[in-house]
Structure formats: C-alpha cells, structure tokens
Amino acid sequence: MTGSLLHDTAGRARTLTCAVMTHLQCARPRAVVLVLAGMALVSGCASSGGNFSGQSFTPSTAVVAFPSGQPGAGKPAVTLGTKDFTEEYILGQLYTQALAARGFTVHLKQGIGPTEVIDPGLLNHSIDLYPEYTGEIVSTLTNIALGAPGDAGSNVAPAPPDSWQQAYEQAARFEDRRGFTLLQPTPFQNHDALAVTKAFAAKYHLSTLEQLKGLGPLKYGAYQPEQTRYEGLVGLQQAYGLGNLQFVPMTPGNPVYAAVNSGQIQVAGVFTTDPQLRSGKYVILSDPKNIFGYQNVAPVVNKGVLKAEGPAFAQTLNAVSSHLTYAAIRELNADVVLGHQSPAAAAHQFLATQLSG
C-alpha cells in the first residue's frame, strides 16, 4: 500500500467518523463501535483489493421451500431487530413468525433505528440478525460513496456497483469479513426516491432530478438519516449540484406525503414500495446518475448463530425472502398503511398462504 493510499484511506475513515458521530449524538457508544469497525474494514478492503474471501457471493432469488416439521425445537433463542419504519416492521414480523412456525424461539426488537444505529447491535451482540437493504451496506456501512464518483476532491469514492447482483456481492463480502452472513436477497428492491405532486411536476416540467437545479430554494422533506447520506442530500448536492434543497427531517410514510400535499415541502423523500404512490397523485423524479443504488433486502445474521441454529434456520429465512416479490411487498405495505392492519396481522395473513407442512 502506498503512502498516498494510506492517507486517502485514513481521510475517508475520519470523514466517516465525523459523519456518524454527528448523526448519532444520542447513541455515541454504538456509533464508536460502528466507526472502529468501519475504519478497520476500509483498511482491509484497500489492502486486499476488496476481495474479502475466495468464496462465491453470487446472489439468487430462486424460490426456496419452507422446511417441514419443527427443526427449531430446542435450539437457542435468537434476537431479531428491525429499523424504524413500516416496511421493516412488516419484514420483522414475517421473519419472526416464519421462524416461530418452525419451532425457533425469536425475540423481536422493533424500531431500533436506521442503519447507523441498528448495525452496531450486531457488533455488540444485542441482536443476532436484522433485515438490511444491500445498498445501505454498500454505501452507508462500507463508506463506498463519500464523494461522487469522479469527483476531483481528496475523498474520491470507489465506483459504486452497476447492478443489483454486484451490490449484493459487495455487501456480502463486507459482512463476511465482519463475521456475519448475508442470506438470500428478496426479488424486490425498495429505493429511496424524490417525489413531487403531479401539479408541481406539470408546472415546472419536471421528470428528472437534474431539472430541480433550475428552481429556487426548495424544501426537501425526508427520513432524517438522508441528511448525511450519499443516498440522500449529500449525493443530491454532489452528483446533481442541488444546493437549492433545504432539508426538512421527517418521519417516513404518511407524514411526508401529508407535508408535500399541503405545500409544507415541495420535494418528498419517499420509498419506491410506498403504497401511496399507487394513487397517481405523485411523480417520481428519475435518477439517471443512480445515486440511490440497488436495494434488495437480505437478513444479516451472526455466523455463530447460523451454526447453532442449524441449516433449517437459514432455509426458513431464505424461503420468506424468496416469496417477497415487488407486488407482494407493495400489497403488504398497503395492508398496513392504507388498510390499517397491524404489521403482525398482515404478516400472518401472507405467511398463511405460503407456509405448508
């Protein structure tokens, strides 16, 4: 490793430290764990060319059958965590209920927080697994996008993945290095996106993110972590030059849609699996520079837990994931958000049609 590469790696690690500590002032101990792990992995990646292991991490979305019987009976209890928005609550219930149906004992910890908060739980063993989006591992955790690719600054990021398969492979290698396994990904992806009302899009002839640059100051409401992520305000500024966006932290889902409907904000940070988008009231602005990446979901699991629980544990989780098509997750989200079912009830109804034996 050359001196300049060492300097660049250290600079990225310092930048990540500052960003995470700023975002996690209320979770400082966990943030320190994440930063130290991230710094070590950035160094390891630079020295090995990014190839953490000789094994293959090629993903598959083939349908997996649920195991039969009660293979989890007598196995140690596990703790499954989730992030703090509707889709994660549904995913948590799906994985938990499917495992319980096969005899595994699962303690569910819902609403822990965004990637920067929940990931340290794996490192300090307060949780054993959680469902994560592959792009968040690649960008937020591995620090792949501190700067826009091709930027002339000192913190130039490696080129981001150019396919969902490559995103999964990069994420899986990262987790493997840390002692975790990234299980089978879902067929669906849930991207961050920027949406405006149909009337606003028509007034300013908007269809892409690039076209926001010509407008005056715009209030951009989004999930609070987006303020410090490349897959958010940082990328919008660096890749698209959108210095005219004024960030407004908001809770995902109904609050951000209510805010853009009322004119409190002009641009809404949304998730592409949001059922509200089916109404036809909104226009998603295209992302030609792909700052929002590839976002399949896959459970991240402690390797020791996988070994202790046996192969049926991973098979059950993979079976759930393999059935989560885009149509399926959109319907599940609609059942909860629009149909006012609980995440537990929606998950139970879905699994009743999938589980057998």
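Predicted model: local features only at pLDDT ≥ 70, side-chain atom pairs only at ≥ 80, totals over all residues.

Reader: OK, so is His 340 buried or exposed?

Author: His 340 counts as exposed, at 66% relative accessibility. Its backbone is worth a look too: phi is positive, about 60 degrees, although the residue is not a glycine.

Reader: Fine. Where does His 205 sit, then?

Author: His 205 is in the loop between helix 7 (198-204) and strand 6. Here as well phi is positive in a residue other than glycine, near 55 degrees. His 205 is exposed, with a relative accessible area of 65%.

Reader: Back to helix 13. Which of its residues are buried?

Author: Helix 13 covers residues 343-352, and Ala 346, Ala 347, Phe 350 and Leu 351 are the buried ones. Looking down the helix axis, those residues fall within an arc of 125 degrees, so they line one face.

Reader: And what's on the other side of helix 13?

Author: His 348 and Ala 352, which are exposed there.

Reader: What covers the buried residues of helix 13?

Author: The cover includes helix 3 (86-101), helix 11 (311-322) and helix 12 (326-337). Helix 12 holds Glu 331, whose C-alpha is separated by 9.7 Å from that of Phe 350, 19 residues apart along the chain. Glu 331 itself is partly exposed, at a relative accessible area of 39%.

Reader: You mentioned helix 11. How accessible is Thr 316?

Author: Thr 316 lies in helix 11 and counts as buried, with 0% relative accessibility.

Reader: So what is Thr 316 in contact with, leaving aside neighbours within four places in sequence?

Author: With those set aside, Thr 316 is in contact with Phe 66, Pro 67, Ala 98, Leu 99, Arg 102 and Phe 104.

Reader: Switching to rings. How many aromatic pairs does a search of the whole structure find?

Author: Eight. One of them is Tyr 223 with Phe 271, an edge-to-face pair at 6.4 Å centre to centre, with 85 degrees between the planes.

Reader: Which parts does that pair tie together?

Author: Tyr 223 is in strand 6 (residues 218-223) and Phe 271 is in strand 8 (residues 267-271), so the pair ties together parts that are 48 residues apart in sequence. Tyr 223 is buried at 9% relative accessible area, and Phe 271 is buried as well, at 11%.

Reader: Which residues do ring pairs link into a cluster?

Author: Tyr 223 and Phe 271 again, along with Phe 85 and Tyr 133.

Reader: What lies over the face of Tyr 240?

Author: That's Lys 289, at 5.3 Å from the ring centre.

Reader: Last topic: at what angle do helix 4 and helix 5 pack?

Author: About 95 degrees, with the axes of helix 4 (residues 115-123) and helix 5 (residues 134-141) 11 Å apart. That angle makes helix 4 roughly perpendicular to helix 5.

Reader: Which residues make the contact?

Author: From helix 4 they are Thr 115, Glu 116 and Asp 119, and from helix 5 they are Glu 136, Thr 140 and Leu 141.

Conventions
Residues numbered from 1 in each chain as written. Heavy atoms only, no water. Phe/Tyr/Trp six-rings, centres within 6.5 Å; stacked < 30°, edge-to-face > 60°. Helix = DSSP H or I, 4+ residues; strand = E, 2+ residues; numbered from the N terminus. Buried < 20%, exposed > 50% of the residue type's maximum accessible area, 1.4 Å probe, protein only. Lys NZ or Arg CZ within 6 Å of the ring centre and 35° of its normal. Arc of directions from axis to C-beta. Contact = heavy atoms within 4.5 Å. Axes fitted to C-alpha atoms, helices over the stretch in contact; angles between N-to-C directions. Parallel < 35°, antiparallel > 145°, perpendicular 65-115°, else oblique.
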